[in-house]
Amino acid sequence: MMTAPLIRSATKRQFLIQLGLDPNDVRTSETYWMLKDEATRAYEAQLQGRSDLLRPEYASQEPPYAAAHFTAEAFSSVVRSIYLGASSEARVYYNRGRVAQGDNWVISWMLYHVCRYRDGRNIRARSRDFHADDDLDECHGSEALRQACMEMVIVADEDCRWIKLRDDDFLVKVWHVL
């Protein structure tokens, strides 16, 4: 089952819904991390620190690099390699992102976001573990969504080693505080 392409700047929630996944289901989180881990490994092996893969106008750019800094050919090559090396579980979701022409939108979205949280442009992505910043996009959309995020309560353990953001119904995110 192929799904309509989604723009790379779409939020994680939009991405999951477009894939036909329930963003509130624990199994969806496991699927998301499986896909992200594959993209992360490919990024680290094939793009990280590779100035030879940059578009000419970014040739003097210092790492880390944004996805847009890489040539279209370099980015597409990594997308193809992720697909070719995908686990059978991931391939099910990647097959939903096939398009007649161009890159697989599922892999492109994930690789773009792996780059995004490493390139230093995203002011919300400041933790040492960029995975911890995934859900921050959800506070970047509509005014109603921003307001909902602002109303969350912060709960810390006795030694202030963990911070939990909670809303009325469920645990939203846990960060380890160094």
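Of the 178 residues in the protein chain, 39% are buried. The structure is a predicted model. Its secondary structure comes to six helices and three strands. Along the sequence, these elements follow the pattern α-α-α-α-α-α-β-β-β. Among contacts between residues at least 6 apart in sequence, 49% join residues at least 24 apart.

The mean pLDDT is 77, and 66% of the residues reach 70 or more. One covers residues 123-133, where the model has 25 contacts beyond four places in sequence. The other covers residues 136-178, with 59 contacts beyond four places in sequence. Where pLDDT is low, the predicted coordinates should not be read in detail.

Helix α5 spans residues 105-116. Twelve of its twelve residues are buried, so α5 is largely enclosed by the rest of the structure. The buried set comprises Trp105, Val106, Ile107, Ser108, Trp109, Met110, Leu111, Tyr112, His113, Val114, Cys115 and Arg116. These residues pack against α1 (12-18), α2 (26-46), α3 and α4 (88-94). The length of α5 was checked against its residue count. At 1.5 Å a residue, its twelve residues should span 16 Å; the end C-alpha atoms lie 16 Å apart, which agrees.

Helix α3 covers residues 72-84. Its buried residues are Ala74, Phe75, Ser76, Val78, Val79 and Ile82. The cover over these residues includes α2, α4 and α5. The same length check was applied to α3. Its 13 residues should span 18 Å at 1.5 Å a residue, and the end C-alpha atoms are 18 Å apart, which agrees.

The packing of α3 on α5 was then examined. Two packed helices are described by the angle between their axes and the distance between the axes. For α3 and α5, the angle is about 115° and the axes are 10 Å apart. The crossing of α3 past α5 is right-handed. On the α3 side, the contact is made by Phe75, Val78, Val79, Ile82 and Tyr83. On the α5 side, the contributors are Ile107, Ser108, Leu111 and Tyr112. By class, the residues of this contact divide into eight nonpolar, one polar and no charged. Phe75, Val78, Val79 and Ile82 are among the buried residues of α3. Ile107, Ser108, Leu111 and Tyr112 are among the buried residues of α5.

The loop between α2 and α3 was considered next. Pro64 is located in this loop. The peptide bond from Pro63 to Pro64 is cis, with omega near 5°. Most peptide bonds are trans. Ser51 is found in the loop between α2 and α3 as well. Its relative accessibility is 41%, so Ser51 counts as partly exposed. Ser51 and Gln61 are ten residues apart in sequence; their C-alpha atoms are 7.8 Å apart in space.

Leaving aside residues up to four places away in sequence, Thr3 touches Gln18, Arg96 and Trp105.

Methods
Residues are numbered from 1 along each chain as its sequence is written. This is a predicted model: local features need pLDDT of at least 70, side-chain atom pairs count only at pLDDT 80 or more; totals for chains, interfaces and linings use all residues. Side-chain values use heavy atoms; hydrogens and water are left out. Axes are lines fitted to C-alpha atoms, for helices over the stretch in contact, and angles run from 0 to 180 degrees between N-to-C directions. Helices (H or I, at least four residues) and strands (E, at least two) are DSSP runs, numbered from the N terminus. A crossing is left-handed if the near helix is turned anticlockwise from the far one by less than a right angle, and right-handed if clockwise. Contact means heavy atoms within 4.5 Å. Ala, Val, Leu, Ile, Met, Phe, Trp, Tyr, Cys and Pro count as nonpolar, Asp, Glu, Lys and Arg as charged, and the others, Gly among them, as polar. pLDDT is the predictor's confidence in each residue, from 0 to 100. The expected span of a helix is 1.5 Å times one less than its number of residues. Buried means under 20% relative accessible area, exposed over 50%, partly exposed in between (1.4 Å probe, protein chains only).
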